[in-house]
Amino acid sequence: MRILEDELFPSTPGKVKIERAHAINRQFNRCFASTSTMFLWALFLIALTASYLSFQSFVDTSSKYFSASWGGLHWEKQIRASAEPRRSQGFSVLVTGAAGFVGTHVSLALRKRGDGVVGLDNFNSYYDPSLKKARKSLLASHGIFVVEGDINDGRLLAKLFDVVPFTHVMHLAAQAGVRYAIENPASYVHSNIAGLVTLLEACKAADPQPAIVWASSSSVYGLNEKVPFSESDRTDRPASLYAATKKAGEEITHTYNHIYGLSITGLRFFTVYGPWGRPDMAYFSFTRNILQGKPITVYSGKNRVDLARDFTYIDDIVKGCLGSLDTAKKSTGSGGKKRGPAQYRIYNLGNTSPVTVPMLVSILERHLKVKAKRNVMEMPGNGDVPFTHANISLARAELGYKPTTNLETGLKKFVKWYLQYYGYSRRGARNL
Ligand SMILES: O=C(O)[C@H]1O[C@H](OP(=O)(O)OP(=O)(O)OC[C@H]2O[C@@H](n3ccc(=O)[nH]c3=O)[C@H](O)[C@@H]2O)[C@H](O)[C@@H](O)[C@H]1O
């Protein structure tokens, strides 16, 4: 009671002071209590934000990890198994563009003779990716594992060389097609220049360094008029961006050979055709249109001169690729440094027997037993050259390259595959 009275009615001024002091103290305590509560709240909020952020980064990292199409112990095991040669002194070859036309055939040929093969392909949609998936299944049925990834992915390439000491790289990944460069120029720079450099960087850093065989193109001869085209002819007048990027590739590979001791062989392919081919190429799209009763456009040169190509059958090209791998010397660098001069070669791989485009159509008509609806028009100025013709004496002498399939025979084999693949022989045309 007394305490309560004293509190309500202080009896002395001194007591008032004390009471005031108590009041201030109480206020201070209240204030301190609320400040510390605020402080605790702040701490709590900071902790909450921090844990949210770290959870987010965990989610990001793990989603990246889980969505990555490569990596992990099982993946590495598959790579090692695929890369393992099955013959003594066999190669371990990394084939880029393995789900592509030439890549599939070369991979199969290497596997059949007992070499180890790992494929790499980005399965882009330049043409129907389901054809690339079908090629991948074909490769898988022969024990060849194809990694889904891009040659611009330096981390992936480093990982592959980490897992397997590849003896060779068969570099066939590229943005192909002469006329498509008008529509999508950046894709040529991305694959044929940036991708090439990323790949060469990985090869340079690899220990041991692999020997590299890669696909250049007959298109580097551009406006060259001297026939047949020899490796020593001018190649500084490309007629398309595609050709320019392939020519740039020849210069870039030379640089890596010169500075880092990489063994390099460039192959100038001449209009390669055959089963499992590329739907964007004339022989393929003509076949599709002829079977579907649609017209085809046949380009002609100035003054109605027929265009001609040194069409080369895929099996001959494969022999040239394997001959190049077999004769490639080892790279001489290690630890990113050149230890001595390294091999640098360029070869034409053609058929050395050009055929006109109207003749190509006639052969297809005969094999398909259907008449084509031809629209002839002057070649638009979009990168085409009027003719190609390979001098193959260098490849013959140094690689033992000797093409044996003429266009008539090669197209017969292509048509047989086409009819079977697209189901014509069984139940009429698939709707393609
Ligand atoms: O050797 C190469 O380095 C290149 O070969 C190939 O290019 P090209 O020789 O141009 O083959 P391709 O398109 O089949 O046209 C063949 C002919 O048909 C004509 N052509 C074409 C299409 C058409 O609708 N009409 C037509 O007359 C056309 O004018 C041409 O005269 C590869 O595609 C290329 O990636 C590259 O590897």
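Which of the 19 residues around the ligand come nearest? They are Ala176, Ser217, Met281, Ala282 and Tyr299. Here a residue is near a molecule if its C-beta atom, placed from the backbone, lies within 6 Å of it. The model is predicted: local features need pLDDT of at least 70, side-chain atom pairs count only at pLDDT 80 or more, and totals for chains, interfaces and linings use all residues. Residues are numbered from 1 along each chain as its sequence is written.

By class, the shell around the ligand holds 11 nonpolar, 6 polar and 2 charged residues. Ala, Val, Leu, Ile, Met, Phe, Trp, Tyr, Cys and Pro count as nonpolar; Asp, Glu, Lys and Arg count as charged; the others, Gly among them, count as polar. Strand β8 (residues 295-300) gives the most to this shell, with 3 residues. Strands (E, at least two residues) and helices (H or I, at least four) are DSSP runs, numbered from the N terminus.

Helix α5 spans residues 129-140. Its 12 residues reach 16 Å from first C-alpha to last, close to the expected 16 Å. That expected span is 1.5 Å times one less than the number of residues. The buried residues of α5 are Lys132, Arg135, Lys136 and Leu139. Seen down the axis of α5, they fall within an arc of 105 degrees (taken from the directions from the axis to the C-beta atoms), so they line one face of the helix. The face turned away carries the exposed Ser130 and Ser137. A residue is buried if 20 or more other C-beta atoms, placed from the backbone, lie within 10 Å of its own, exposed if 12 or fewer, and partly exposed in between.
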